[in-house]
Amino acid sequence: MKKLIKFPWLAGLLLCLFLIACVDKKQLPKEDVLLAHVPMPAKLDSAMRHSFDKETYKILKKLNAKNEKSFKVNKENYLQMIEQIPAGADRVAFSFVQFNKDKFPNQYQELAQFDGELYMLYYYMDKSGKNITGKAYAMLDVKQTIEIDEKDYEIMENDYINNIKPYIDKVVKGTQGNTLRVKMMKDELLAYKNRAMTKKNVKNFKITLAQWVNYESILSKTESSILRKKLKLYTDENVGQMTFITDCQKLEEGNVESLSGFDLNHFCPQDCP
């Protein structure tokens with residue numbers, strides 16, 4: 001009888017030790033918590049895209065029926081954006097802008113297709129928030145990356161602030177309204193690039209606008225733990241703010257699944273240097 005009594009106790013002890021060992025193995029090293037290694041959980045990815053389509057995108061289409069929600073970036077331009085991160089920059093900022101061609105006669109002619117529309121430009125930012133090249137760059141749906149003078153970039157950003165942002169601010173829960181830009185950290189981009197370089201069937205990348213949602217009812221505890229580096233930056237006030245999700249498209253139809261569904265972004269001004 002004594003053996004029968006001790007056996008359940010011993011089995012329970014061994015089970016506890018096994019679970020502790022498993023938890024220890026799940027402690028991720030620093031590199032593994034980079035967002036570049038963690039695609040958005042499918043339910044969160046879908047919710048962010050759907051929420052944008054249902055709310056912000058409807059407003060954008062009323063402002064300008066030509067407004068798009070997805071943009072393609074050819075492989076060369078996307079990888080070049082990462083490869084050319086200059087010394088001193090630790091992030092790439094993507095700013096929301098509005099391009100109005102009448103303000104730039106005989107300039108940026110390839111951007112004329114986006115006249116009056118929401119668009120994004122990127123620039124290289126240091127830890128203090130400074131644009132360290134004094135330039136911005138357009139790579140969405142263009143053949144070659146276009147260099148934008150900083151003064152012209154400021155005009156385009158102000159047009160977003162004055163002509164678009166006030167209308168989409170109401171979607172955001174917080175009083176700060178919608179974001180001015182999102183930023184990707186250098187280490188995230190380098191890790192994502194290194195993964196992309198191992199694939200031979202990459203055709204281009206696709207940037208799709210989305211918006212942040214309340215994730216608590218969507219994510220499991222395990223998913224929340226894996227994404228803690230990102231989630232700790234956000235509160236309910238961020239719900240509704242624009243971001244974008246990066247997908248990678250194959251030479252043939254479809255996505256490269258292991259490189260798709262990534263939201264590498266942090267909001268700014270909510271999370272600025």
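I began with Lys-170, which sits in the loop between helix H6 (165-168) and strand S6 (181-185). Helices (H or I, at least four residues) and strands (E, at least two) are DSSP runs, numbered from the N terminus. I noted that this is a predicted model, where local features need pLDDT of at least 70, side-chain atom pairs count only at pLDDT 80 or more, and totals for chains, interfaces and linings use all residues. Residues are numbered from 1 along each chain as its sequence is written, and side-chain values use heavy atoms, with hydrogens and water left out.

**Entry: charge on the surface**

I looked up the accessibility of Lys-170 and found a relative accessible area of 68%, so Lys-170 is exposed. The classes are buried under 20% relative accessible area, exposed over 50%, and partly exposed in between (1.4 Å probe, protein chains only). Lys-170 forms a positive surface patch with Lys-54, Lys-58 and Lys-62. A patch takes residues with over 30% relative accessible area and no salt bridge, joining like charges within 9 Å and nonpolar side chains (Val, Leu, Ile, Met, Phe, Trp, Tyr) within 5 Å. A salt bridge here is a side-chain nitrogen of Lys or Arg within 4 Å of a carboxyl oxygen of Asp or Glu.

**Entry: aromatic pairs**

I found 17 aromatic pairs in the structure. Rings of Phe, Tyr and Trp (its six-membered ring) pair if their centres lie within 6.5 Å; planes under 30 degrees apart count as stacked, over 60 as edge-to-face and the rest as tilted. I looked at Tyr-78 and Tyr-192: their ring centres are 6.2 Å apart and the planes stand at 70°, so this pair is edge-to-face. Tyr-78 belongs to helix H4 (residues 75-83) and Tyr-192 to helix H7 (residues 186-196), so the pair ties together parts 114 residues apart in sequence. Both Tyr-78 and Tyr-192 are buried.

I then followed Tyr-192 to Phe-205, where the centres are 6.0 Å apart and the planes are at 55°, so the pair is tilted. This pair links Tyr-192 in helix H7 with Phe-205 in strand S7 (residues 202-211), 13 residues apart. Phe-205 is buried, as is Tyr-192.

I also noted a cluster in which ring pairs link Phe-94, Tyr-122, Tyr-124, Tyr-137 and Phe-244.

**Entry: positive phi**

I checked Asn-106, in the loop between strand S2 (91-99) and strand S3 (117-125). Asn-106 is not a glycine, yet has a positive phi of about 65°. Its relative accessible area is 72%, so Asn-106 is exposed.

Tyr-108 is found in the loop between S2 and S3 and has a positive phi of about 50°, although not a glycine. Tyr-108 counts as buried because its relative accessibility is 12%.

Terms used: Areas by Shrake-Rupley, 256 points an atom, 1.4 Å probe, with all protein chains shown as cover. Lys, Arg positive; Asp, Glu negative; His and termini not counted. Charge placed at Lys NZ, Arg CZ, Asp CG, Glu CD.
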